[in-house]
Amino acid sequence: MRTGVRGKGSTLIIEHRLVFVRDEHRARRIPKIWTTICLKNYNRLHIILISCGDDTILMKILHTADWHLGHQLCKHSRKKEHQLFTHWLLDVVENNKINLLIISGDIFDSGFPPNYALAQYYDFLKRLSETCCHHAVIVGGNHDMPSTLNAPRDILKYFQIHVFGGAESNIQKQIIPIMDNNEKIQAIICAVPFLRARELKLNHAGESYSEKDRSLVRAMVDHYNKIANFAHTIIEQKGSNIPLIATGHLFTAGGKISDTERDLYIGQLKHIPVNKLSDFFDYIALGHLHKCQCLREKPPIYYSGSPIPLSFNESSHTQFVLIIDFDENKIANIHKEAVPRFRPLIKIREHIQNIKEKPEIFINVSSGELTPWLEIDIQDEKPQQDEIDSLTVTFENQHVNVLKISCKPSNVQHIDFQAQKLDELNPVDVFQKKCESEGIFGNDYKFLLSTFKDLMLIVESEQHDDEERIT
Ligand SMILES: [Mn+2]
């Protein structure tokens, strides 16, 4: 079909043609609309645009994880940053015509999130359902309480939002076909949340710590293989090449961790070797590590990382969400979309005298929408209290909020200059400080830390059981 718009001395010609393109195996011919726009100007022809139909890109997925809604940094709420992030994300969804959103765990920072965090989550899902993105798959992370995430799942299903707080007893329920407007399957998602020993029906009685870890890793790998085989059977029955995508919230061997995360993984063996994950999956969307990273190129396995830095140490790297384009059921492109830094987090490690002389050089950051937050790690032993107080005033005058000041531990004893409150520390930090004060280091410390983490898991799962009994 050809149309023309005639102007003074020039004509705009728009031509739509139906063409047939061979697929990559040259097995079938695919119809496409070929559009050409030309400007004929005093008999000279200028081609303005050639496009081969919007129908070539079948599906666009946005992969994100580790939002930690309800998180606090040194008792300061991250509500505003999360608000700006979710609004920005909705724009990204619209601008990129995303069809499917995947959130790979740690939606909330704790099992019992504050009401404002729940409101942010529901508000986001409501707004998402009003965009072009008609499907979402959300799985639980280690920070999420399965029952908290699962509570609204029956109603969310009506909005094509599929939620899996924990592993299902019938693994086939975790297989979600994503349908297009013509009820044709576009993709199959194997929704795997953070896997707990209890959900995998493991009985650790009489096993040593390392045996427990090994049997948990085996059970996790089995879970992925089982679900991949079920999904593969469905795809074979359909007789077509539907993309198969898995989610996960786990620690893989080879994953890069930040300084803050390193403490969490000392002595842990519960990481899955990447080569043990099934090749059936066209893409594996992971959460758990907060730094965006590619673990394997083919077939691709990615951690999206968290959208906001969850500690001052994590502020040194850029945060991303990932956009995966499928063309003819194959991955055509994986794009990292940088998340703006809504609030700069600055960490200064310096001698107090140097900071006092030129404070402005340390806070020379590109400004975000919100007041920057600052952590100062003074590289001197026992600085004067009035000097420390004056630092806070100096930075407050430059519109930077000082959240934390610590100083170099003395050689005699490891003491933070500013006494930290118990609720600023996580249980592992407290345990570490106790071991330090008792003079327990090296392998003894690693062994004790492993045992402590086992105890924490038992307490956590008992709390979860109690909570399930109540609901
Ligand atoms: Mn996390």
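Modeller: Before we look at the helix, a word on angles: axes are lines fitted to C-alpha atoms, and angles run from 0 to 180 degrees between N-to-C directions. Keep in mind too that this is a predicted model.

Colleague: Thanks! With that in hand, at about what angle does helix α8 run to β23?

Modeller: Helix α8, residues 385-397, runs at about 155° to β23, and lies across both β22 and β23.

Colleague: How do I read the sheet those strands belong to, and what is its strand order?

Modeller: In general, strands of a sheet pair through backbone hydrogen bonds, either parallel or antiparallel. Here we have an open sheet of three strands in the order β21-β22-β23, and the pairing is parallel. At the edges stand β21 (345-350) and β23 (401-407); each has a single partner strand, so one side of each is left without a neighbour in the sheet. From one strand to the next, the twist averages 15°.

Colleague: How many bridges join β21 to β22?

Modeller: Six bridges join β21 to β22, whose residues are 373-378. If you want a place to look, find Ile 346, which stands opposite Leu 374 in β22.

Colleague: Let's turn to Ala 338 in strand β20, residues 330-338. Is Ala 338 buried or exposed?

Modeller: The general idea is to count C-beta atoms within 10 Å, with 12 or fewer meaning exposed. Ala 338 has 10 such neighbours, so this residue counts as exposed.

Colleague: Which residues does Ala 338 touch, leaving out those up to four places away in sequence?

Modeller: Ala 338 touches Thr 318 and Phe 320. Phe 320 lies 18 residues from Ala 338 along the chain, yet their C-alpha atoms are separated by 4.4 Å.

Note on methods. Residues numbered from 1 in each chain as written. Predicted model: local features only at pLDDT ≥ 70, side-chain atom pairs only at ≥ 80, totals over all residues. Helix = DSSP H or I, 4+ residues; strand = E, 2+ residues; numbered from the N terminus. Buried ≥ 20, exposed ≤ 12 C-beta atoms within 10 Å, placed from the backbone. Contact = placed C-beta atoms within 7 Å. Pairing = 2+ DSSP bridges.
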